[in-house]
Amino acid sequence: QNAVSALRRREFHRSVTVRDALNQAMDEELERDERVFLMGEEVAQYDGAYKVSRGLWKKYGDKRVIDTPISEMGFAGIAVGAAMAGLRPICEFMTFNFSMQAIDQVINSAAKTYYMSAGLQPVPIVFRGPNGASAGVAAQHSQCFAAWYAHCPGLKVVSPWNSEDAKGLLKSAIRDDNPVVFLENELMYGVPFEMSEESQSKDFTIPIGKAKIERQGNHVTVVSHSRYVGHCLDAAAVLAKEGIECEVINLRTIRPMDVESIETSVMKTNHLVTVEGGWPQFGVGAEICARIMEGEWHVSSQTSCSTQRLQSVQNPMQKFKFCMCLREVPD
Amino acid sequence: SGKMLSNISNVLRACAQKNGAAVVMSARTYADFTTQATFEIKKCDLFKLDEAPATQVVMTRDEGLQYYRTMQTMRRMELKADQLYKQKIIRGFCHLYDGQEACAVGIEAAINLTDHLITAYRAHGYTYTRGGTFNMQIVLLRGGIAKGKGGSMHMYCKNFYGGNGIVGAQVPLGAGVALACKYQENNQLCVCLYGDGAANQGQIFETYNMAALWKLPVIFICENNRYGMGTSVERAAASTDYYKRGEFIPGLRVDGMDVLCVREATRFAADHCRSGKGPILMELQTYRYHGHSMSDPGVSYRTREEIQEVRSKSDPISMLKDRMLSNNMASVEELKEIDVEVRKEIEDAAQFATTDPEPPLEELCNHIFSNNPPVEVRGTNPWSKLKSVS
């Protein structure tokens, strides 16, 4: 009977690329709420620079899917203004590197406004696009902005790994009444993942602010986000052969960070490795280490915990080669 | 005969008081005043426009009294803010609007409260015309709990999007509000203000482009008060014809010290937007009596003579007062009465604000996120946790 139900479950699992999962999320939310619209460079007639918005302009037209000129500061500001006046924009940056031109609008106009107005003026906007390293695109196109945006109160920062993450988190981000920075990864767009039947429903959302344990283990906690979760799982598989069981945590959300999940895991394993694509100084891993050192765990536990950060090389290019670095972590 | 009547009434009134009789006497009934008059106003300079705002305009007595009261209220409010700032009751930044009253009042006279407006940090006047009571404003200036944690630069109310501190950033925001108006097909428009200093910001040109491309119902208004902080327009802009800087957007240059000029030009601009023609640009030539902010005396980059000249020749309130008196639309006493009432209201508001208790620490972290369950916010050390409610 188990085999039959397993088979039945398998029938409803579909292989969906991250790109298609993002596309589905936007399609469903555009359909569900007419205040939602997408704007950015090449999102409409080009079907998206990375084809993430393929088919949406054809289906929804000029009003809901808007091609913008190359004016990040201008169109990000326009998107924020539209959000203030009652719409729910999705503002795409072709890559987050270009968001630096518009960062004032993201932080000062979007993130801080609800606070400055003491709750009078919400800003329900999503800023999304590919973040971090791609394939050989050089220094100016490879920066990871997770740490930059996660530094700021008033913003939520989300970083999905697989298709389920992408779809569930993007839908949550669009439905959230706050500004959300949604960091995708270009190299993940074409990667297929099995999606459960539940995750194919039009109402499937993943809560923002909750991490996921992708793999249980007792020996070392490995925390990561975005593409590098996959690398961690691969490394964990290799280490398992040597008898080292990694607990791999997929952060899913950078801000607000689910520190409790990490703490619970570290209390079990006493070893922590953080893995990310950004630069080490003042990065996501640095924050995790600081929080763990300050936190409940540290106070209650009698044993010491070793922590290590793995991240991209600290040069402008952010090339990241994950070469069995976990091996070098001392016992 | 009017003067004679008022003289007689004054004497009678004095006698009545001496005799202890409480007599309400009015020498002039309101039927004596002109209910409306036509005024000739200055022509606007035009850019890429075939038609122009009217130069012969009608103002009713009621409108005149309302403009007078509103401008006088704004004037007194700013002077009170000056006083409170010097008493250290208001802290932080404080950018005063006195001298520019005709802009805010003229604009509001030509649009509806259902339209939208956004401006930069010299925002007290607009907060008032958009519906923020000055009770609320003075409390906010003081940093009170009522509504707002931004002080002078960040006051909001319905269809008024602040109060923005980053120079120029409000312009794309305003175009975004206009996009929402067009999207929602509600026939509303957005008035989007910026100064002569901000007019050189790149994001404004990006906004001009998109607003024109998408025909957004936005009125861009440059309040040219001749100085961006301490830099005069000649030292900041290669072209000081701010009404032409929209290049492909039609423009108007307007006398910003005359409330009727501002009103007519805004009416014209609003019609332009609402007829689907897209954005339009207005430059209001105006002047601020105070320095850039309360930390600027305002005389190192301009002469006291210049300030005095504008005050004596072009003051918006005096101009309106002269018009009304010389056209028999109001009496000196009536206007004085308004002055007295306004002064008292502002005094009361200041009193209220000064005695209003400071917000408690519990308020510090509220309103970080909208529609969110309560969260804990880290305080200044790892063990201090503050609560944040939506």
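User: Not counting residues up to four places away in sequence, which residues does B:Arg69 touch?

Analyst: This is a predicted model. B:Arg69 sits in helix α2 (residues 61-86) of chain B. Leaving out residues up to four places away in sequence, its contacts are B:Ile338, B:Glu341, B:Val342 and B:Glu345.

User: Is B:Arg69 buried, partly exposed or exposed?

Analyst: Buried requires under 20% relative accessible area, and exposed requires over 50%. B:Arg69 has a relative accessible area of 29%. B:Arg69 is therefore partly exposed.

User: How far apart in space are B:Arg69 and B:Glu101, C-alpha to C-alpha?

Analyst: In sequence, B:Arg69 and B:Glu101 are 32 residues apart. In space, C-alpha to C-alpha, the separation of B:Arg69 and B:Glu101 is 11 Å.

User: Now the rings. Why is the pair of A:Phe93 and A:Phe127 stacked?

Analyst: The structure holds 15 aromatic pairs over all chains, and this is one of them. The ring centres of A:Phe93 and A:Phe127 are 5.8 Å apart. Planes under 30 degrees apart count as stacked. The planes of A:Phe93 and A:Phe127 meet at 10°, so the pair is stacked.

User: How many residues apart in sequence are the parts that A:Phe93 and A:Phe127 tie together?

Analyst: A:Phe93 belongs to the loop between β4 (88-92) and α5 (103-111) of chain A. A:Phe127 belongs to strand β5 (residues 126-130) of chain A. The pair therefore ties together parts whose separation in sequence is 34 residues.

User: Are A:Phe93 and A:Phe127 buried or exposed?

Analyst: The relative accessibility of A:Phe93 is 0%. For A:Phe127 the value is 0%. Both therefore count as buried.

User: Which residues form one aromatic cluster with A:Phe93?

Analyst: A:Phe93 and A:Phe127 both belong to this cluster.

User: What kind of pair do B:Phe205 and B:Tyr208 make?

Analyst: Both lie in helix α7 (residues 202-214) of chain B, three residues apart, about one turn of the helix. B:Phe205 is partly exposed at 30% relative accessible area, whereas B:Tyr208 is buried at 2%. Their ring centres are 5.3 Å apart. The planes stand at 85°, so the pair is edge-to-face.

User: Which backbone nitrogen does the side chain of A:Asn162 reach at 2.8 Å?

Analyst: A:Asn162 is in the loop between β6 (156-158) and α8 (163-175) of chain A. Its relative accessible area is 10%, so A:Asn162 is buried. The side chain of A:Asn162 reaches the backbone nitrogen of A:Glu164 at 3.3 Å. At 2.8 Å, the side chain reaches the backbone nitrogen of A:Asp165.

User: In what order do the six strands form the open sheet of chain B?

Analyst: The pairing in this sheet is mixed. β2 (45-47) and β4 (116-118) of chain B are the edge strands, each pairing on one side only. From one strand to the next, the twist averages 20°. The order is β2-β9-β10-β6-β5-β4.

User: What is the bridge partner of B:Tyr194 in β6(B)?

Analyst: Strands β5 (residues 190-195) and β6 (residues 218-224) of chain B run parallel, joined by six bridges. In β6(B), the residue bridged to B:Tyr194 is B:Cys222.

User: What angle does the direction of helix α6 of chain B make with that of β5(B)?

Analyst: Helix α6 (residues 170-184) packs on the sheet and touches β4, β5 and β6 of chain B. α7(B) lies across β5, β6 and β10 (280-285), at about 150° to β6(B). For α6 against β5(B), the angle is about 175°.

User: Which residue stands opposite B:Arg378 in β12(B)?

Analyst: β11 (residues 375-378) and β12 (residues 385-388) of chain B pair in the antiparallel sense over four bridges. The two form a hairpin with six residues between them. Opposite B:Arg378 stands B:Lys385.

Definitions and conventions: Residues are numbered from 1 along each chain as its sequence is written. Chains are lettered from A and ligands numbered from 1 in the order in which they are written. This is a predicted model: local features need pLDDT of at least 70, side-chain atom pairs count only at pLDDT 80 or more; totals for chains, interfaces and linings use all residues. Side-chain values use heavy atoms; hydrogens and water are left out. Rings of Phe, Tyr and Trp (its six-membered ring) pair if their centres lie within 6.5 Å; planes under 30 degrees apart count as stacked, over 60 as edge-to-face and the rest as tilted. Buried means under 20% relative accessible area, exposed over 50%, partly exposed in between (1.4 Å probe, protein chains only). A polar contact is a pair of N or O atoms within 3.5 Å; within protein, one must be able to donate a hydrogen and the other to accept it, and residues adjacent in sequence count only if both atoms are side-chain atoms. Two strands pair if DSSP finds at least two bridges between them. Axes are lines fitted to C-alpha atoms, for helices over the stretch in contact, and angles run from 0 to 180 degrees between N-to-C directions. Contact means heavy atoms within 4.5 Å.
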